[in-house]
Amino acid sequence: MKKQSIFVSVLSLALVASIFGHDLFLKADSFFLRPNAKLTIKIMNGTFQESEGAVSFARLNDVSVVSSGKRVHPLEADFTKNETTAFMNLTTGGAGTYVVGLSTKSREIALKAADFNEYLKEDGLPDTLEERRKTGELEKDAKERYSKHVKAILQVGDKRTDDFKAVLGYPVELIPQQNPYSLKKGDTMEILCLKDGNPLTGQVVLAGREENGKMIAAPELRSDKTGNVKLRLEGGGKWYVKFINMTKLDAPNLNYESKWTSLTFELKN
């Protein structure tokens with residue numbers, strides 16, 4: 001019985017990890033590239049360091065690359081994958097700051113009350129958790145519709161361009177107000193949170209970075225009345241910024257809709 005109990009505990013932890021480890025990020029081995037060079041971007045479906053399932057091309061609503069003021073759309077032939085990770089295989093053009101974006105179609109998931117509450121707690125959704133507490137719904141299971149909309153900012157060659165602030169028109173989006181490749185360690189970057197093209201106020205935003213293989217979390221942020229957050233770049237490495245915007249729905253078979261977004265870039269040490 002003791003061995004069975006241990007097994008059940010381990011299985012429960014694995015299930016919890018699979019529920020909460022479902023972020024989506026675009027990540028390159030290096031965000032600093034040469035002009036006219038081949039590039040592979042990993043589509044990390046899980047955590048910033050480990051992808052747990054390859055995203056299929058059929059699941060995508062949009063794939064975009066913006067450079068020199070122009071937007072192009074990679075094709076299915078530009079994608080490969082293995083059991084855990086999908087890869088976007090591209091070739092850079094001329095020097096400049098590039099934006100790569102990817103937007104998924106919606107999916108639905110049903111979660112037990114305890115798992116849903118824990119997810120709200122861990123993934124930066126304290127307002128929804130508090131609303132459930134106030135309305136006496138903490139014991140209520142939840143069915144959620146979700147979609148994910150992610151971007152990476154790359155620097156090709158030495159020329160900095162304004163493409164970093166391109167708005168792709170995704171349901172939720174993070175728009176840096178300064179080119180991250182014009183900033184250095186210790187600077188503060190202002191980032192605009194958008195939902196349906198409009199500034200999103202009071203949104204909890206999480207950020208962190210990977211440096212020398214270790215993850216370092218930044219302090220939790222919340223967007224101001226203009227929809228902006230101010231992120232202090234306290235160190236080098238590969239950075240992510242992300243948020244989940246969740247809305248309660250009045251539908252018989254669907255309780256919430258969440259829209260996820262992330263932004264990734266690299267800061268030299």
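N36 sits in the loop between β2 (32-33) and β3 (38-46). Strands here are DSSP runs (E, at least two residues), and helices are runs of H or I of at least four residues, both numbered from the N terminus. N36 is exposed, at 61% relative accessibility. Exposed means over 50% relative accessible area, buried means under 20%, and partly exposed lies in between (1.4 Å probe, protein chains only).

This is a predicted model, in which local features need pLDDT of at least 70, side-chain atom pairs count only at pLDDT 80 or more, and totals for chains, interfaces and linings use all residues. Residues are numbered from 1 along each chain as its sequence is written, and side-chain values use heavy atoms, with hydrogens and water left out.

- Most residues other than glycine have a negative phi.
- N36 is not a glycine, yet its phi is positive, near 55°.
- D196 is not a glycine either, and its phi is also positive, at about 55°.
- D196 belongs to the loop between β12 (188-195) and β13 (198-199).

**The whole protein**

- The protein has 3 helices and 19 strands.
- Its radius of gyration is 19 Å, close to the 18 Å that the globule rule gives for 269 residues, so the protein is as compact as a globular protein of that length.
- That radius is taken over C-alpha atoms, and the globule rule is 2.2 Å times the number of residues to the power 0.38.
- The C-alpha trace spans about 60 × 45 × 35 Å along its principal axes.
- Of the 269 residues, 51% are buried.
- Take the contacts between residues at least 6 apart in sequence: 69% of them join residues at least 24 apart. A contact means heavy atoms within 4.5 Å.

**Surface and charge**

- The protein exposes about 13500 Å², and carbon and sulfur atoms supply 50% of that area.
- Accessible areas come from the Shrake-Rupley method with a 1.4 Å probe; for residues, only the protein chains shown count as cover.
- There are 39 positive and 35 negative charges, and their mean positions are 3 Å apart.
- Lys and Arg count as positive, Asp and Glu as negative; His and the chain ends are not counted.
- Each charge is placed at NZ of Lys, CZ of Arg, CG of Asp or CD of Glu.

**Buried residues in strands**

- R209 lies in strand β14 (residues 204-211). R209 is buried, with a relative accessible area of 10%.
- S103 is part of strand β8 (residues 96-104). S103 is buried at 4% relative accessibility.
- Setting aside neighbours within four places in sequence, S103 contacts L60, N61, D62, K148, H149, Y170 and P171.
- L221 is in strand β16 (residues 221-222). L221 is buried, at 16% relative accessible area.
- Residues touched by L221, leaving out those up to four places away in sequence, are Q203, V204, V205, V229, K230 and L231.
- S258 falls in strand β19 (residues 254-267). S258 is buried, with a relative accessible area of 0%.
- A polar contact of 3.0 Å links the side chains of S258 and W260.
- Outside four places in sequence, S258 has contacts with residues including Y119, E144, I244 and M246.

- S106 lies in the loop between β8 and β9 (107-111). S106 is partly exposed, at 44% relative accessibility.
- S106 touches R145, Y146 and S147, not counting residues up to four places away in sequence.
- G169 is in the loop between β10 (142-156) and β11 (172-176). G169 is exposed, at 60% relative accessible area.

**Distances, C-alpha to C-alpha**

- G169 and Y119 are 50 residues apart along the chain, and 27 Å separates them.
- S106 and L263 are 157 residues apart in sequence and 19 Å apart in space.
- L221 and N45 are 176 residues apart in sequence and 23 Å apart in space.
- S258 and D29 are 229 residues apart in sequence and 29 Å apart in space.

Key:
Polar contact = N/O pair within 3.5 Å; in protein donor to acceptor, adjacent residues only side chain to side chain.
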